[in-house]
Amino acid sequence: MNKFLALVFCCVGFALADDGTWGRDFMAAMSVFAGVVGLGIAALGGGIGMGHVASAAISGTARNPALGSKLQTTMFVAIALIEAQVIYTLVFAVIAMYVNPYMQAFYS
C-alpha cells in the first residue's frame with residue numbers, strides 16, 4: 001500500500017511540475033479517480049453502517065416489542081446521520097472533479 005501511495009504522490013508531483021497540457025489532463029483524470037474511489041468507499045461504509053443500525057433496531061424490537069416505535073425513531077436518526085456523511089463525500093467528490101483548486105495552477 002505504501003508503494004502505491006508513493007507512486008500516486010510521485011505522479012501528482014510530475015503533473016504539477018509539468019507546464020504543458022499533459023499535467024492538466026493527468027490532474028483531471030486523477031481528480032475523477034479520487035472522487036470515484038472516495039465515493040465508493042464512503043458508500044460501502046455507509047451501507048455497512050446502515051445494515052448494522054437496522055440489525056440492532058430489529059434485534060431490539062424483537063426482544064422488547066413495546067419499545068419498537070422509539071427504536072424505529074432512533075434508527076431513522078442514526079441512518080440520516082450516516083447518510084449525511086456519504087452526501088458530504090459526494091460534495092467533496094464533485095468539488096474535486098469540477099472546482100479542483102489544484103487545477104488553478106495550470107490555468108494561471
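Modeller: Let's start with a rule: helices (H or I, at least four residues) and strands (E, at least two) are DSSP runs, numbered from the N terminus. Glu83, for instance, is found in helix 3. This is a predicted model, where local features need pLDDT of at least 70 and side-chain atom pairs count only at pLDDT 80 or more, while totals for chains, interfaces and linings use all residues. Residues are numbered from 1 along each chain as its sequence is written, and side-chain values use heavy atoms, with hydrogens and water left out.

Colleague: What pattern does the protein follow along the sequence?

Modeller: The pattern is α-α-α-α. The protein has four helices and zero strands.

Colleague: Why is Ser31 called buried?

Modeller: Buried means under 20% relative accessible area, exposed means over 50%, and partly exposed is in between (1.4 Å probe, protein chains only). Ser31 has 8% relative accessibility, so it counts as buried. You'll find Ser31 in helix 2.

Colleague: Which residues does Ser31 touch?

Modeller: Leaving out residues up to four places away in sequence, Ser31 touches Ala96, Met97 and Asn100. A contact here means heavy atoms within 4.5 Å.

Colleague: What makes Val36 count as exposed?

Modeller: Val36 has 52% relative accessibility, so it counts as exposed. Like Ser31, Val36 lies in helix 2.

Colleague: Why is Ala43 called partly exposed?

Modeller: Its relative accessible area is 41%, so Ala43 falls in the in-between class. Ala43 is found in helix 2 too. The C-alpha atoms of Ala43 and Gln85 are separated by 9.2 Å, although the two are 42 residues apart along the chain.

Colleague: Which residues of helix 3 are buried?

Modeller: They are Gly68, Met75, Ile82, Val86 and Ala93. Across the protein's 108 residues, 18% are buried.

Colleague: What makes a nonpolar surface patch?

Modeller: Patch residues have over 30% relative accessible area and no salt bridge; like charges are joined within 9 Å, and nonpolar side chains (Val, Leu, Ile, Met, Phe, Trp, Tyr) within 5 Å. A salt bridge is a side-chain nitrogen of Lys or Arg within 4 Å of a carboxyl oxygen of Asp or Glu. The patch here covers about 1100 Å², and its residues include Val32, Val36, Ile87, Tyr88 and Phe92. Helix 2 (21-63) and helix 3 (68-98) are the elements that give it two or more residues.

Colleague: Which helix gives the most to the nonpolar patch?

Modeller: That's helix 3, with nine residues.

Terms used. Accessible areas come from the Shrake-Rupley method with a 1.4 Å probe; for residues, only the protein chains shown count as cover.
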